[in-house]
Amino acid sequence: LVLLVSGGHSELILMKNHGQFEYLGGTRDDAAGECFDKCARLLNLGYPGGPMVEKNAVSKNLTPLPRPMIKEKSFNFSFSGLKTAVLNRKNEDPQGLAYELQEAITDVLVTKTRQAAEKYQVKNILLAGGVAANKELREKLRQESEKLEFNFLVPEFKLCTDNAAMIAIAAYYLSQKKMPKLNSWEKIKVD
């Protein structure tokens, strides 16, 4: 089971093999990374939003923010309302809001991932995308995976900032299916 979270994606994908995917659900509006970025801007924390929210998420004394769609039975996400909630409370303690924002986003992502993993009886949970660099999300998903006895896979932090490696490996597997094996990247014909 792949949880792909970035500025443009919040998706749960069942990966049966290389190139064999089943889309289970995704964002209906804003992706998790976009929510981090826009809320960080609202709170004057800086850019990129995810790391700035994580850095400032230290105060725990505020009323919790909503957990959008956490009780809905689908595997879809929605983070636009969370941005509105932060906007409506932006005059509160920015560090407290950063903490609550991070908790809300990670709670929703982990809950939906756990539910999908249990439903489809997967062996592995893979966390990918730029938001995979969030330490709180990594730790919560690692703990859930251990508790439910799933293998938890996540790239090194330095590989969670760009989709270039993901695109390259996808292109490699597609090229192996559609073309003779490539011995050298220099022989690739651009189309």
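## Aromatic contacts

Rings of Phe, Tyr and Trp are taken to pair if their centres lie within 6.5 Å; planes under 30 degrees apart count as stacked, over 60 as edge-to-face and the rest as tilted. The model is a predicted one, and by this rule it contains two aromatic pairs. In one of them, the ring centres of Phe75 and Tyr120 are 6.3 Å apart and the planes stand at 55°, so the pair is classed as tilted. This pair connects distant parts of the chain: Phe75 belongs to the loop between α2 (49–56) and α3 (80–88), while Tyr120 belongs to helix α4 (residues 94–120), 45 residues apart. Phe75 has a relative accessible area of 9% and is therefore buried, whereas Tyr120, with 28%, is partly exposed.

The rings of Phe77 and Phe79 form a stacked pair, because their centres are 6.2 Å apart and their planes lie at 15°. Phe77 and Phe79 are both buried. An aromatic ring also takes part in a contact with a charge: the charged end of Arg138 sits over the ring of Phe157, 3.8 Å from the ring centre.

## The nonpolar core

The largest nonpolar core comprises 44 residues, and Phe79, Leu101, Ile105 and Leu109 are those with the most contacts inside it. At least two residues of this core are supplied by each of β1 (2–5), β2 (10–17), α1 (32–42), α3, α4, β4 (124–128) and α5 (135–148). Helix α4 provides the largest share of the core, 11 residues.

## Salt bridges

The count of salt bridges comes to 15. One of them joins Asp30 to Lys83, with the closest N and O atoms 2.3 Å apart. Because Asp30 lies in the loop between β3 (20–26) and α1 while Lys83 lies in helix α3, the bridge ties together parts that are 53 residues apart in sequence. Asp30 is buried, with a relative accessible area of 11%, and Lys83 is buried as well, with 15%.

Which side chains does Arg114 meet in salt bridges? One partner is Glu118, at 4.0 Å from N to O. Arg114 and Glu118 both belong to helix α4 and are four residues apart, about one turn of the helix. Arg114 counts as partly exposed at 25% relative accessibility, and Glu118 counts as partly exposed at 40%. Another partner is Glu144, at 3.8 Å from N to O. This bridge links distant parts of the chain, with Arg114 in helix α4 and Glu144 in helix α5, 30 residues apart. Glu144 counts as buried, at 14% relative accessibility.

## A nonpolar surface patch

Ile169, Tyr172 and Tyr173 make a nonpolar surface patch of about 280 Å². Ile169 is located in helix α6 (residues 164–178). Buried means under 20% relative accessible area and exposed means over 50%; at 43% relative accessibility, Ile169 therefore counts as partly exposed.

Terms used
Residues numbered from 1 in each chain as written. Predicted model: local features only at pLDDT ≥ 70, side-chain atom pairs only at ≥ 80, totals over all residues. Heavy atoms only, no water. Patch = residues over 30% accessible without salt bridge, like charges linked within 9 Å, V, L, I, M, F, W, Y side chains within 5 Å. Areas by Shrake-Rupley, 256 points an atom, 1.4 Å probe, with all protein chains shown as cover. Buried < 20%, exposed > 50% of the residue type's maximum accessible area, 1.4 Å probe, protein only. Phe/Tyr/Trp six-rings, centres within 6.5 Å; stacked < 30°, edge-to-face > 60°. Lys NZ or Arg CZ within 6 Å of the ring centre and 35° of its normal. Core = buried A, V, L, I, M, F, W, Y, C linked by side-chain atoms within 4.5 Å.
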